[in-house]
Amino acid sequence: QVQLVESGGGLVQAGGSLRLSCAASGRTFSIATMAWFLQVPWQEREFVAAGSWRYGPSYYADSVKDRFNNSRDNARVQACLQKNGLDPEKTAVYYCTASNKTDYDAISKYEYWGQGTKVTVSS
């Protein structure tokens, strides 16, 4: 059992930046990959960024605008997402997710999900 809690959402101007954080707890030793997805109301969730401790560096849907970092030690397991150049059409809830597998953007491969944090982009 893994629990994920997102934080850092809020109101930001279009073109601005925001930093999101995700803290993992529970049986975190099993986590191989952590990722962020976003969901615009009435649309499917979209992959944003991910990273695996086992097989590679961070992977981005838009490497120009986004920066991802995950880390773990005896005290913390977390993933952070730096969003830059926010699109006014992307007011959305951002979800942190984690998997025991190493797939980066296949939503069906992720076992654990947070409750989301809303990012509102003003025009």
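Here is a short tour, grouped by topic.

This is a predicted model, in which local features need pLDDT of at least 70, side-chain atom pairs count only at pLDDT 80 or more, and totals for chains, interfaces and linings use all residues. Residues are numbered from 1 along each chain as its sequence is written, and side-chain values use heavy atoms, with hydrogens and water left out.

**Aromatic residues**

- There are six aromatic pairs in the structure (ring centres of Phe, Tyr or Trp, the last by its six-membered ring, within 6.5 Å; planes under 30 degrees apart are stacked, over 60 edge-to-face, the rest tilted).
- Phe-47 and Tyr-59 make a tilted pair, because their ring centres are 5.4 Å apart and their planes meet at 35 degrees.
- Phe-47 belongs to strand β5 and Tyr-59 to strand β6 (residues 56-60), so this pair ties together parts twelve residues apart in sequence; strands are DSSP runs of E with at least two residues, numbered from the N terminus.
- Phe-47 is buried at 14% relative accessibility, while Tyr-59 is partly exposed at 37% (buried is under 20% relative accessible area, exposed over 50%, partly exposed in between, with a 1.4 Å probe and protein chains only).
- Tyr-95 and Trp-113 pair edge-to-face, with 6.5 Å between centres and 75 degrees between planes.
- That pair joins strand β9 (residues 92-99), which holds Tyr-95, to strand β10 (residues 112-113), which holds Trp-113, across 18 residues.
- Tyr-95 is buried at 12%, and Trp-113 is partly exposed at 25%.
- One aromatic cluster is formed by Phe-37, Phe-47, Tyr-59, Tyr-95, Tyr-110 and Trp-113.

**Charges over rings**

- Arg-45 places its charged end over the ring of Tyr-95, 3.7 Å from the ring centre (NZ of Lys or CZ of Arg within 6 Å of the centre and within 35 degrees of the ring normal).
- Arg-72 lies over the face of Trp-53, 4.9 Å from the ring centre.

**Around Ala-24**

- Ala-24 sits in strand β3 (residues 18-26) and is buried, with a relative accessible area of 14%.
- Beyond its neighbours within four places in sequence, Ala-24 is in contact with Gln-3, Leu-4, Ile-31, Met-34 and Val-77 (heavy atoms within 4.5 Å).
- The C-alpha atoms of Ala-24 and Arg-76 are 7.6 Å apart, although 52 residues separate them along the chain.

Key:
Helices (H or I, at least four residues) and strands (E, at least two) are DSSP runs, numbered from the N terminus.
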